[in-house]
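Hi everyone, thanks for coming.

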Amino acid sequence: SRGTDHASSHERRVRKTRASIAKAVSRQTVAARAGFANNRTAMAGFLAARSHCWRAHFYTFFKRHRRAIQEFEHALAIDPGMLDAWRGAGFLYAQENESGKAITALQAAVKLAPDDADTRFNLGFLHHERRELDDAVTQFKEALRLKPLLDRVVANHPGVDTLSPSR
């Protein structure tokens with residue numbers, strides 16, 4: 001009897017917590033932020049994709065890169081415009097020495113967020129590793145233009161400091 005009371009008490013707390021979370025994150029706010037205004041199906045897709053991203057970050061933390069990549073791929077299958085998933089997948093592909101896939105993922109991220117200097121730096125770094133120097137220089141120049149104090153570009157790639165960030 002006592003175990004049952006404890007279990008039902010726990011279940012009530014869980015339901016109450018879930019209800020308060022649901023109230024705190026209003027559906028309209030999430031939908032508006034995702035650009036889905038009042039479309040429940042689209043919002044459900046966005047939330048499903050977001051949950052795959054969260055799982056991917058969890059697996060990344062525990063160095064389960066293959067599983068994390070699968071979660072990012074699931075997220076992108078649901079919502080190809082999910083910037084976080086493209087960035088995460090690109091990072092993990094690079095970690096797994098799949099530079100072609102990493103470049104493809106980071107190029108998709110750059111298309112979604114062209115003003116993100118850090119993603120451009122990472123893309124330039126991958127091009128540099130593959131000896132695709134013209135592409136690397138293009139990305140590094142753009143990263144420096146967007147974020148002039150991006151010292152990683154200059155410190156890690158001698159000769160890049162002579163590039164004019166305004167070009």
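Let me start with one cut-off: we call a residue buried when its relative accessible area is under 20%, exposed when it is over 50%, and partly exposed in between. And please keep in mind that this is a predicted model.

With that in hand, take D116: its relative accessible area is 15%, so it is buried. Its salt-bridge partner is R87, with 2.6 Å from N to O. R87 sits in helix α5 and D116 in the loop between α6 and α7, so this pair ties together parts that are 29 residues apart in sequence. R87 itself is partly exposed, at 31%.

How many salt bridges are there in total? The count comes to 10.

Another one joins R55 and E71, whose closest N and O atoms are 3.5 Å apart. Here helix α3 is linked to helix α4, across 16 residues. E71 counts as buried at 2% relative accessibility, whereas R55 is partly exposed at 37%.

E142 and R145 are both in α8, 3 residues apart, or about one turn. Their closest N and O atoms are 2.5 Å apart, and R145 is partly exposed, at 39%. There is also a network: R66, E96, E98 and K101 are joined by salt bridges that share partners.

Finally, the patch. F58, F61 and F62 make a nonpolar surface patch of about 380 Å². F62 is in the loop between α3 and α4, and with a relative accessible area of 48% F62 is partly exposed.

Thanks, I'm happy to take questions!

Notes
Residues numbered from 1 in each chain as written. Predicted model: local features only at pLDDT ≥ 70, side-chain atom pairs only at ≥ 80, totals over all residues. Heavy atoms only, no water. Patch = residues over 30% accessible without salt bridge, like charges linked within 9 Å, V, L, I, M, F, W, Y side chains within 5 Å. Areas by Shrake-Rupley, 256 points an atom, 1.4 Å probe, with all protein chains shown as cover. Salt bridge = Lys/Arg side-chain N within 4 Å of Asp/Glu carboxyl O. Helix = DSSP H or I, 4+ residues; strand = E, 2+ residues; numbered from the N terminus. Buried < 20%, exposed > 50% of the residue type's maximum accessible area, 1.4 Å probe, protein only.
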